[in-house]
Structures are given as C-alpha cells and as structure tokens.
Amino acid sequence: MTCQAHCGKKVLLFLQGIGPGPLPHAAAFVLLAIIAASPARAQITTNTALPVSAGEGIIRVQSKLIRSTGDPSEMDRELRVLAFPLVGVYGVTPKLTLFGVVPVLDKNLEVTTPQGRVTRKTSGLADVRLFARYTVYQFNRRGQTARLAPFAGVELPTGTNDATDGWGLLPPPLQLGSGSWDPFAGVVFTRQTFAWQIDVSASYKFSTEADDFQFGDEVRLDVATKVRLLPRRLSSGLPSFLYGNLETNVIWQDQNEMGGAVDVNSGGTTWYIAPGIQYATRRVILEAAVQVPVVQDLNGSALENNFIITLSSRFSI
Amino acid sequence: MEHTMKRPTPAPLTAGRRFAACALVALFATMALAQQASAQDDKLIEDPDIIIEVDGIACPFCAYGIEKRLKRIDGVAELSVLLEEGRVQLKMDEGATVSEERLREAVAEAGFEARSIVFVNEEVRTSSGVGR
C-alpha cells in the first residue's frame with residue numbers, strides 16, 4: 001500500500017504546500033545560479049575572460065553537493081542536491097567562444113508531515129545553458145594579460161517541469177527545469193600574472209513565465225582571486241601550478257510570481273565565500289572549493305543553504 | 001533453542017558518501033592523467049630552429065593552446081614552451097619551412113601576441129605560407 005493511500009487529503013495539501021513555500025524557491029534559485037556559473041574556462045565558481053584557442057575545445061566535469069538544513073519550522077525540511085554540470089567550450093575565433101552547460105541533477109527534499117517523514121525527489125537532465133563570450137579588450141605583456149569580455153546566452157527549457165511523484169505534481173522548484181526560455185547577459189574582466197589572478201564577473205538573468213509560474217530575475221556578482229602556491233620559483237619549461245583560491249559570490253533574486261501573485265517567501269540575497277584549491281597542468285586542471293554562506297538575507301521563511309562542495313576537472317581537447 | 005547470529009545490516013550509502021566516493025575515483029583518475037601530461041611537459045629543445053617570444057601567457061593550461069595551434073603547422077617537428085621566459089621554441093622537420101606570418105597567425109589564433117620571432121636557422125624561413 002502506498003503512502004499516498006494511507007495519508008489523507010490534509011497531508012496531500014501539506015505536501016503540495018511545500019511547493020510554492022519558502023524552501024524550494026529560494027534553494028532552487030541559488031542552485032540554478034550556482035550551476036550556471038560553471039563555464040569551463042573559469043576559476044572554480046566564477047567565469048573568466050581568458051582565451052580559448054580558435055578551433056580548440058575544453059571539457060569541464062563538475063560535481064556539486066548542496067545541502068540545506070536547519071529549518072526552524074515543524075516541517076524540519078532538509079534539501080540535498082547533487083549536481084553534475086558537464087561543460088563544453090569551443091573557440092570559434094580567438095575572441096569568440098561558445099559555451100554549453102548540460103546539468104544533471106538529483107534533488108531530494110525531506111519534510112515532516114502529520115503522518116511522518118516524507119521524501120520527494122527527482123533526478124535527470126536540467127535546463128541547458130548556451131552562451132557566447134566575445135573579447136572586446138586585451139592587454140598582453142610577458143607573463144601577464146588583462147581581458148574584458150561581455151557574454152550573453154539563454155537557458156533552455158530542457159529539464160522537465162511537469163514531473164510527478166506519489167503526491168502529485170512536484171512544485172516548480174523541485175522540478176528539474178523551469179519550462180521557460182531565460183536570456184541572460186553579463187561581462188567579465190580578468191587580470192592574470194604568473195603569481196596571481198583576479199576575475200570579476202557581473203551578470204543579469206531575465207526569467208520568463210512558463211505554465212503560469214515565473215522565477216524572479218537574478219543578478220550576480222562574482223569575484224575570484226587565486227595565488228600560486230607552488231612552485232615558489234618558476235623552473236624552466238612548463239611547470240604545473242598549485243593555486244590557492246578565494247572566491248566570493250553575491251546572488252540576488254527577485255521574488256517569484258505564480259498566477260500573477262508575488263510569492264513573498266521567495267527571492268533574497270545570498271553572499272558566499274569560497275576557499276578552494278586548484279592544480280593546473282598544461283592539459284588538465286583539478287580543483288575543489290567549499291562555498292560557505294556568509295550572508296543569507298532571504299525573503300520570508302526560506303530555508304538557508306549550509307554549504308556547497310564543488311569538485312571539478314577540466315581537460316583541454 | 002536455536003540461536004542465530006545475524007550479521008548487522010550495513011548502513012546504506014548516503015548520497016553524500018556516494019558523492020564522495022565518485023569524486024575520489026574521478027580525482028585519482030584525473031591526477032593520473034595530469035601526471036602523465038606533466039611528464040611530457042619537461043622536454044626542452046636544445047637546438048631550436050625558431051624562437052617565438054609570446055606576450056600574454058601566464059599559466060600552463062593557457063600555454064597548451066599555443067602549443068596546439070603551432071603544432072598544426074605543417075613541418076613543426078618539436079615544440080617546447082618556456083613559461084617564465086614567455087618563449088616557445090620550435091624544431092622543424094628536415095627540409096620544412098615556415099613563414100613568420102604563419103607563425104604570428106598561429107599565436108594569434110591561440111589568443112596571444114607574438115612579440116618577436118627569431119629564425120635561429122634561416123634555412124627554415126620562407127617568405128609566405130608554408131613550403132617544403
């Protein structure tokens with residue numbers, strides 16, 4: 001006998017209520033924003049303006065673990081998301097680069113109901129991101145470069161937004177996709193030397209409506225720095241580098257709208273600090289970072305993120 | 001009375017542990033690849049035919065872009081990048097030639113700038129394009 005058969009209408013409504021409620025919307029926003037910031041030619045959580053050779057490609061394989069707990073309400077909600085964004089990059093010309101981000105997600109939400117603990121989950125392909133970046137300024141000297149590159153693209157509705165479980169239709173934030181075509185644009189500046197690198201990226205995403213639901217627009221500012229830890233002195237040839245990274249991400253989301261009404265328990269501002277480490281050889285980069293929220297000023301009673309662990313590798317092909 | 005010893009049921013792997021296990025396997029596999037790649041990085045050319053001074057390269061991963069573009073030029077036999085010096089050394093195949101223009105183009109295709117190109121061996125220089 002299924003749990004649904006046991007539980008009454010009250011529980012069903014309760015579970016459906018967690019859909020438009022505070023947790024998933026805020027968490028889904030942050031999640032999408034985090035996955036979105038994963039281009040292959042980048043620091044760990046931030047885009048970069050460094051070049052990709054014409055006719056050449058880079059593949060980035062990432063794995064992210066996102067956990068949100070500590071719900072003060074009686075629902076004691078816990079969200080766990082595993083994300084595996086696969087990123088492909090192709091240099092059309094030395095200045096024009098195309099990016100594709102194909103995320104696979106596994107979302108798991110646990111919530112306490114009057115009838116006990118209930119889990120709602122979904123997994124599969126999420127919304128794919130395609131975008132292009134064009135270098136408009138570059139300054140090169142021996143052992144250093146500075147570049148400025150605007151970028152723009154669209155998030156495609158490739159993830160399903162009508163998945164169901166035993167309780168019925170999953171709420172929009174637990175769906176794998178938004179169902180909408182969401183354009184975005186931004187600009188990234190990079191300054192790199194042998195000893196250090198800084199990337200500053202600002203972007204805006206315009207969310208559109210799908211199936212009577214619209215996520216709020218999103219603004220994000222990312223600043224990533226790294227310093228070379230090893231080798232302390234450069235040796236002859238092409239040595240591998242070990243970097244220590246410190247990155248920060250500020251993400252602001254507008255409130256969602258459902259059926260034309262604003263969801264007061266959605267949107268807000270989150271500021272992450274992400275220490276990390278990066279090992280770069282000429283063909284491969286290995287990296288890891290932990291994003292820790294410093295400020296989470298979320299609207300309503302939204303559940304806050306505990307941490308995000310990112311492990312990733314990049315291959316020049 | 002019969003006593004049966006039951007083995008304790010192992011706790012199922014949590015998502016976090018599965019994540020950690022997969023990540024560790026991926027990490028070791030990639031480290032092995034990286035190690036192999038770095039082992040190939042140490043080859044330096046003792047008597048290069050051409051030396052290119054390149055502006056803008058500041059990390060090993062970026063340098064590989066230049067290496068790939070230059071290796072696409074017909075006649076390039078060996079290549080080494082000296083990162084700190086911002087220098088690329090080329091050794092050409094026997095009888096192969098290349099123009100300065102083609103070399104500059106290859107560096108530009110990688111997104112960098114060739115500050116100077118020196119033909120140590122003038123016999124590999126051709127006026128335009130690539131000739132053999």
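The loop between β1 (57–68) and β2 (78–91) of chain A is where you'll find A:D76. Strands (E, at least two residues) and helices (H or I, at least four) are DSSP runs numbered from the N terminus. A:D76 is not a glycine, yet its phi is positive, about 45°. This is a predicted model, in which local features need pLDDT of at least 70 and side-chain atom pairs count only at pLDDT 80 or more, while totals for chains, interfaces and linings use all residues. Residues are numbered from 1 along each chain as its sequence is written, and chains are lettered from A and ligands numbered from 1 in the order in which they are written.

- A:D76 counts as partly exposed because it has 13 C-beta neighbours inside 10 Å. Here, buried means 20 or more other C-beta atoms within 10 Å, exposed means 12 or fewer, and partly exposed is in between, with C-beta atoms placed from the backbone.
- A:D212 is another non-glycine with a positive phi, about 70°. You'll spot A:D212 in the loop between β11 (196–205) and β12 (213–214), and with 11 other C-beta atoms within 10 Å it is exposed.
- The peptide bond running from A:L230 to A:P231 is cis, and its omega is near -5°. A:P231 sits in the loop between β13 (218–230) and β14 (241–253).

**A three-stranded sheet in chain A**

- Three strands make an open, antiparallel sheet in the order β12-β15-β16. β12 and β16 (261–262) are at the edges with a single partner strand each, so one side of each has no neighbour in the sheet.
- β15 (residues 257–258) and β16 pair in the antiparallel sense over two bridges; at least two DSSP bridges are what it takes for strands to pair. Across this pairing, A:E257 stands opposite A:V262.

**Where the chains meet**

- On chain A, 39 residues are in contact with 40 residues of chain B. A contact means that two C-beta atoms, placed from the backbone, lie within 7 Å.
- Several strands of chain A each supply at least two residues to the side touching chain B, including β1, β2, β17 (268–280) and β18 (284–298).
- That side of chain A has 18 nonpolar, 15 polar and six charged residues. Ala, Val, Leu, Ile, Met, Phe, Trp, Tyr, Cys and Pro count as nonpolar, Asp, Glu, Lys and Arg as charged, and the others, Gly among them, as polar.

**Chain B and the cores**

- Chain B has three helices and six strands, running α-β-α-β-β-β-α-β-β from the N terminus on.
- Of its 132 residues, 38% count as buried.
- The largest nonpolar core has 49 residues, and B:I66 and B:V107 have the most contacts inside it. Such a core is a set of buried Ala, Val, Leu, Ile, Met, Phe, Trp, Tyr and Cys residues joined through C-beta atoms within 7 Å.
- Helix α2 (residues 60–71) of chain B gives this core its largest share, six residues.
- Apart from this core lies another of 18 residues, among them A:M75 and A:L174.

**How confident is the predictor?**

- The model scores ipTM 0.82 and pTM 0.85.
- Chain A averages a pLDDT of 87, and 86% of the residues score at least 70; pLDDT is the predictor's confidence in each residue, from 0 to 100. Over residues 1–24 of chain A, the pLDDT is below 50.
- Chain B has a mean pLDDT of 81, with 64% of its residues reaching 70 or more.
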